[in-house]
Amino acid sequence: MTKLLNLIIVVLALALIAVIVYPQIQANRPRLVRFACDSTTSSLPILVGIEESLFINNRITPELVWYSDPDQALADLFAGKSDVGIFPWSTVLKRIAYSGESLKVFMSQEFRQTLPVDAIVVPAKSKLTTLADLRKKRLGYPPQLRDYVRPMLANINIRPQDITAIEVPLSTLVEQLVTGSIDAAWLLEPVLCALDTVAFRTLQPGVLARYVSAPFPGAAVGFTPGFYAKSDKVLLSRLKIATDAAVALTEGNVDKAKMVLGKYFPYCKEFCQTCRLPEMQRLVEINRPAVAALSARLAASGVLSSEVETQNLFVEPARLTR
């Protein structure tokens, strides 16, 4: 009888240990997180986090999911094909307006005129000298900027029907200029820094911040409400710690961040020291009025059916870290 009681005590003790220890083991195991990124400087926080092992150190195994079409990539995020993503703010606002779904944003980026991350460029021999000269011309733009063509044209008093706007993958825009398929190209970094300044010249730098919204809320970093609901607070806390550390490293050592950019985009590797980077903001610093202003501008230009309410779009820090 004594042996039986001892055995029962041992079994219960082991069960109690398992109940206490197993959740801790589960919480400390590495978690796979799939990051949806595009081929612009907007993806830099994730790339820096990977290269500096910031995610690995926080027991997150990162997997990159590259995209070229932001609208499709956001749809894939909501379909569960990725977990966290970096998307143009217009893509996020359209999702709210037309699908009733909100990306839960915990980091944002801004583009400013003083450090232009975008520009409209033309061949060096082009006769175009101002944006007004784009009338009756062919303007190429990447998918990341598809929602900003109309508000930009409205702000320079050009009707959409008075210009031929052609969507082209960012990586092939310069080639389109070379072949003469387009007359001007709206470029984003890091393509801009690698531009041959002998063959091409800038028609207008900082178009987004000057003619769309100033400062321009460039990209939103976030996840779906579904990902938030199924993720424990330990994972969300680690995600925030790692991305905040990536932002701090990028801001504190810009040259190192540019080296990371050059590693991922070899075609501009030797030029990345001249690349302009967006300003990245942690959640508490997100410029919500700028996002609301962009929503109003997109609504006024017909990209959105109405101005989007952004009040419930952001995730509070306490909800990520507690």
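View 1. Strand β4 (residues 104-111) is joined to β11 by four bridges, and the two run antiparallel. Within this pair, serine 108 has glutamine 281 of β11 opposite it. The model is predicted: local features need pLDDT of at least 70, side-chain atom pairs count only at pLDDT 80 or more, and totals for chains, interfaces and linings use all residues. Residues are numbered from 1 along each chain as its sequence is written, and side-chain values use heavy atoms, with hydrogens and water left out. Strands (E, at least two residues) and helices (H or I, at least four) are DSSP runs numbered from the N terminus, and two strands pair if DSSP finds at least two bridges between them.

**View 2. Strand β3 is paired with β1 and with β10.** Five of the five residues of β3 are buried, so this strand is largely enclosed by the rest of the structure; buried means under 20% relative accessible area, exposed over 50%, and partly exposed in between, with a 1.4 Å probe and protein chains only. Strand β1 (residues 31-37) runs parallel to β3, and two bridges connect them. Here alanine 36 stands opposite glycine 85 in β3. With β10, the pairing of β3 is antiparallel and extends over five bridges.

**View 3. A second open sheet is built from five strands.** The order is β7-β6-β8-β5-β9, and the pairing is again mixed. Strands β7 (164-167) and β9 (200-205) are the edge strands, and each pairs on one side only. From one strand to the next, the twist averages 30°. Strand β6 (residues 138-141) lies beside β7, and four bridges link them in the parallel sense. Arginine 138 has threonine 164 of β7 as its bridge partner.

**View 4. Strand β8 is covered on both faces.** All of Ala184, Trp186 and Leu188 on one side, and Ala185 and Leu187 on the other, are buried. In a regular strand the side chains alternate between the two faces of the sheet. Since five of the five residues of β8 (residues 184-188) are buried, the strand is largely enclosed by the rest of the structure. Strand β5 (residues 118-123) pairs with β8 in the antiparallel sense over four bridges, and aspartate 118 is placed opposite leucine 188. Strands β6 and β8 run parallel and are joined by two bridges; glycine 140 has alanine 185 as its bridge partner in β8.

**View 5. The largest cavity has a volume of about 110 Å³.** On a 1 Å grid over the protein atoms alone, a cavity is a set of points where a 1.4 Å probe fits but cannot get out, and lining residues have an atom within 4 Å of a point. Points are joined across faces, edges and corners, and a volume is the space filled by probe spheres set on them. Two cavities of 30 Å³ or more are counted by this rule. The largest is lined by 16 residues, and those closest to its centre are Ser42, Pro88, Gln144, Leu188 and Gly218. Strands β3 (84-88) and β10 (216-223) each contribute at least two lining residues. The lining comprises 11 nonpolar, four polar and one charged residues, where Ala, Val, Leu, Ile, Met, Phe, Trp, Tyr, Cys and Pro count as nonpolar, Asp, Glu, Lys and Arg as charged, and the others, Gly among them, as polar.

**View 6. The second largest cavity has a volume of about 40 Å³.** Its lining consists of Glu110, Phe111, Arg112, Leu115, Val117, Leu277, Pro278 and Glu279. By class, five of these residues are nonpolar, none is polar and three are charged.

**View 7. Serine 231 is located in the loop between α9 (225-230) and α10 (233-252).** With 8% relative accessibility, serine 231 counts as buried. A polar atom of the serine 231 side chain lies 2.6 Å from the backbone oxygen of phenylalanine 227.

Notes
Axes are lines fitted to C-alpha atoms, for helices over the stretch in contact, and angles run from 0 to 180 degrees between N-to-C directions. On a 1 Å grid over the protein atoms alone, a cavity is a set of points where a 1.4 Å probe fits but cannot get out, and a pocket is an open set with protein on both sides within 12 Å along at least five of seven lines; lining residues have an atom within 4 Å of a point. A polar contact is a pair of N or O atoms within 3.5 Å; within protein, one must be able to donate a hydrogen and the other to accept it, and residues adjacent in sequence count only if both atoms are side-chain atoms.
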